[in-house]
Amino acid sequence: MNASASTVAARPPARNATPAALKEREQGFLTLLVDGQLCGVPVLSVRDVIAETVVTRIPLAPPEIAGNINLRGKIVTAIDLRRRLSLRPAPAGRHPVAVVAEFGAGSYALLVDQALEVLTLDPADIEPPPPTLGAVWIEFSAGIFRLPDRLMVVLDIGRLLFADQEAKA
Amino acid sequence: MDDLLADFVTETLESLSELDLALVRLEKAPDDQPTISLIFRLIHTIKGTCGFLGLPRLEKVAHAGETVLDKLRTKALRVDSHCIGLVLTAADRMRMIIDTLSRGLDEPAGDDGELIHALNELAEGRVVATVVPVATAAAPAPAAPEPARSAAPATAAIVPPEAVAKLVVPDQVDAHGEQQSRGQTTIRVGVEVLENLMGLVSELVLTRNQLLQILRTTGRPDQSAGDAAEGSLATPMQRLSQLTTDLQEGVMKTRMQPIGNAWNTVPRLVRDLAHDLGKKIELVTIGADTELDRQVLELIKDPLTHMIRNSADHGLETPVERRRAGKPETGQITLAARHEGGHVVIEIRDDGRGLDPVKLGARAMTQGLVTEERLRRMSEDEIRRFIFHAGFSTAAAITSVSGRGVGMDVVRSNIEQINGTVDIESKVGQGSQFLIKIPLTLAIVSALVIGSAGERFAIPQISVVEIVLPGAQPDMVLDTIDGAPVLRLRNRLLPLVSLTRTLRLHTEADPSGDAACLAEKVVVVLTVGSQRLGLIVEHVFDTEEIVVKPVAPVIRNIPLFCGNTILGDGAVIMILDPLGIARASGLGMATEIRSRSADTGIAASDGRSDLLLVRAGPGAQKALPLALIARLEMVPRARIEATGSRLVTQYRGALMPLVALDPAVGLSGEHQPVLVLSDGDQHIGLMVDDILDVVRDRLDVEISSDEPGLFGTAIIDGHATDVVDAGHFLTRASQNWFRQVAAAGPVRRRVLVVEDSDFFRHLLVPSLSAAGYDVTTANDAENALALRDSGELFDAIISDIEMPGMDGNSFARKVREGGPWSKLPMVALSGKDDAKAGREAGFTDYIRKFERETLLASLEQCLAQHVAA
């Protein structure tokens, strides 16, 4: 898998790319920072990015549920991405950014440290996550991109939003 | 014009428009087979319905048209413009007839002989030199828009000519509209569209409330700036407010349906009941056109039916009794509805024997619901409310109509689920009256906002009885009993629950939550089912109208919340479920366990159920489904007596056999913890060493057991736990104890139970046997059908829905298809709520798993109906 940039086009489509994505070729990814790790989510599933927001705690909810957000009259449940990915809790006093993503019929807000920029990438360049990646990262990632200076983990929104649990219910 | 005809007119006008379009399309593409089929179908349907409704003229025209289309369809005839023209003429003729019908008149007289002849000749392949004009739609219509023109000139003089044309057009439409009044003043809209509109309007109302609140608060601190803002905003704000209210009412109206729709089955029901019970009953309905939200309407149907049954069965006397009491032989049941404020009030009244508080009180006492001392202090109305208590049935003898045990408590919990209330008034000898008060709509509810530890929550106002500041008056004193806080409120003891403790509102600064608890001083008294409890909170803020929104799926399994909402100030808060609070705090155990409330759901959709953990003998902790247990008792040692080799105790005025859950359960200590399993008036007590906890968990038996009385071992709450086969103990007790009762009953009826899970089968069999049924089991649908084919006969079938292989619905369809079982009552048992599919498949009734008493009642009912039919 040490293909250089010049051989990118010849590489077979990555396993995780959906057919729709292949047709479009280029796809936008919103890049995020979570505990120093660069992540990306498909920009088409993102509805909103809110910097300052009040999160109302929900008692008795699982720890990764940060609470509810009032998104212009709609109630959106916020998920603390650091907790969801079993990372260190955010240092005190830092205000997280809420990335509102749509999944199924509902919307959820992912609380991240920072939302950066939208990168246009070819889904064919997605590589499967290396096995050395932590188990949690493997569970929630749809693959990784090698950017010129660093790696970006593509997050699997469905899994992050408890798709597995909903399917069971 | 009756509804049937009105529907027909609307539908036919729609079909005719479609027909016009299709005919034009066909003229352009004569070989378009699907279009020919469509036209044929349209005309065929009109013809068929005409015959049914008795419209001979329309039928003849449609029939002739159909004959032509049939030839076209089979390609015996070619499509040409003459043919199209003739069919169009036929369509116009039909439209003309329909127009007349839509004005509420009979079919117009007239001769269609020529047209029919032309059509028939065409069908035979001959062309008649047609005398029937290929007319435009308006031509055959008798009422030409004359009046419109005569009205126009008055304005014509002062407006330019093109404006006249414009003016005339709407007039024409009016004249025409009158003709077609019935056909065009209603349109059909999907319920979804209305639901969506209702949601949007509810949001709008909330936003309006938010704006009003902002306006109020900004007005206060800085008078001058506030005045300016208020001055310029006040008028448009007022208008917006009024418009929003009007819009809300308008949209609500679209969802409204007359309550008569829920009543239309009642006359039949009353007739059948009168017949079955040998009583003479007259039904009077008042206010059938009272409208309420269709969602509420759906939910009120079942409770209403139940209450009518109750009135007919328990309320009214037999003709002989009535005559003796000096009343007319025919009893009267009155069903009345009216609007009152934002509510609909429904009355179910009978002029029967009334509810005798003395008898009710005595019965409540023998059932252990109340002590004699307390009973003395209760008012008659309070005593009558015992009939809403779980398991309280007023009929001295159990009858097939009202069933056993299923009573008004189910009605009450159903009504409470839609935020309604139910109450009773009665005079001995003169009759009883039930008053149901339900909200017009479920979309917006009134809620009380409360808070502790800096967080706010909403409680549905309907469950709030009062708000008490303990210590403010001498008859409201905080106390503890055995460490549990209680409030002595006007000489009654009220169990107390801390909001902080229940929701674990601990913060980093206050990790134990003790500080927050100390700050809680106000008691909000809630009614939960038939009991009351006090919720201690720090603050009571305000009442607000809120829109209940469902919570996100990831947090749906927290039973303490029934929704969330956005307050006027924009904050998102959770809505507390009073029933959830009562259950979480274990109050349900201290008094009566509400085993039949909808969300007790032993087989809830997430597959988890409430389990009682106990310790009995050595070895692992033991678990059994909470739904099976009626009460938990601490029986004083001195009250346990030995008769022969058996242990008994006095319980609710009768002897109750005691069985040890494990042989090693020792009689030690002053009190013996006992789990009471009951079946109607029969109880048995399971002795255990210790009652540990109630947990909600999945019940997956991983290692099965050969030991009698145990299913096997499961992991519950993180510990290896023996799962108790309660059925085993029930059977043991019933063999020893209930045998006489069962034998004394009437002929035992045979019931087939089809259920794949051993666990549920073991639970069902003993309760059914104890109720006097002869039970046969099959572990899947195929085996059940094999029993049928081998000639086995039963009186009723109870079947699970989710089974491997053939599921319950397919099984029901198979049974209904034919054979000796095709007419048998079938009751479905399911963990899911999909009664509709079940009934469509052929089930007589549909019951959630573990609603044991509901099942028994349903069986009785099904069998009674079956015999009657």
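Here is a chat about reading a few features of this predicted model.

Colleague: Let's begin with chain B. How many helices and strands does chain B have?

Modeller: The secondary structure of chain B comes to 30 helices and 35 strands. The chain has 869 residues, and buried ones make up 39% of them.

Colleague: And what share of the contacts in chain B join residues at least 24 apart?

Modeller: Take the contacts between residues at least 6 apart in sequence: 63% of those join residues at least 24 apart.

Colleague: Okay, sheets next. How do strands of a sheet pair?

Modeller: The general idea is that they pair through backbone hydrogen bonds, and the pairing can be parallel or antiparallel. Now the case here: chain B has an open sheet of 5 strands, in the order β16-β8-β9-β18-β17, with mixed pairing.

Colleague: Which strands are the edge strands?

Modeller: They're β16 (539-547) and β17 (561-566) of chain B, since each pairs on one side only. Leaving direction aside, neighbouring strands of this sheet are turned by 35 degrees against each other on average.

Colleague: Can we zoom in on one pair? In which sense do β9 and β18 of chain B pair?

Modeller: In the parallel sense, over 2 bridges; β9 covers residues 455-460 of chain B and β18 covers residues 572-576 of chain B. If you want a spot to look at, Ala458(B) stands opposite Ile575(B) in β18(B).

Colleague: Now helices. At what angle do the axes of α13 and α14 of chain B cross?

Modeller: At roughly 30 degrees, and the axes come within 10 Å; α13 is residues 266-277 and α14 is residues 294-315 of chain B. Angles under 35 degrees count as roughly parallel, so α13(B) and α14(B) are roughly parallel to each other. The crossing of α13(B) past α14(B) is right-handed.

Colleague: Which residues in α13(B) and α14(B) meet?

Modeller: From α13(B) you get Val266(B), Leu269(B), Val270(B), Leu273(B) and Leu277(B), and they meet Thr305(B), Ile308(B), Arg309(B), Ala312(B) and Asp313(B) in α14(B). Sorted by class, the residues of this contact are 7 nonpolar, 1 polar and 2 charged.

Note on methods: Residues are numbered from 1 along each chain as its sequence is written. Chains are lettered from A and ligands numbered from 1 in the order in which they are written. This is a predicted model: local features need pLDDT of at least 70, side-chain atom pairs count only at pLDDT 80 or more; totals for chains, interfaces and linings use all residues. Axes are lines fitted to C-alpha atoms, for helices over the stretch in contact, and angles run from 0 to 180 degrees between N-to-C directions. Helices (H or I, at least four residues) and strands (E, at least two) are DSSP runs, numbered from the N terminus. Angles under 35 degrees count as roughly parallel, over 145 as roughly antiparallel, 65 to 115 as roughly perpendicular and the rest as oblique. A crossing is left-handed if the near helix is turned anticlockwise from the far one by less than a right angle, and right-handed if clockwise. Two residues are in contact if their C-beta atoms, placed from the backbone, lie within 7 Å. Ala, Val, Leu, Ile, Met, Phe, Trp, Tyr, Cys and Pro count as nonpolar, Asp, Glu, Lys and Arg as charged, and the others, Gly among them, as polar. A residue is buried if 20 or more other C-beta atoms lie within 10 Å of its own, exposed if 12 or fewer, and partly exposed in between; C-beta atoms are placed from the backbone. Two strands pair if DSSP finds at least two bridges between them.
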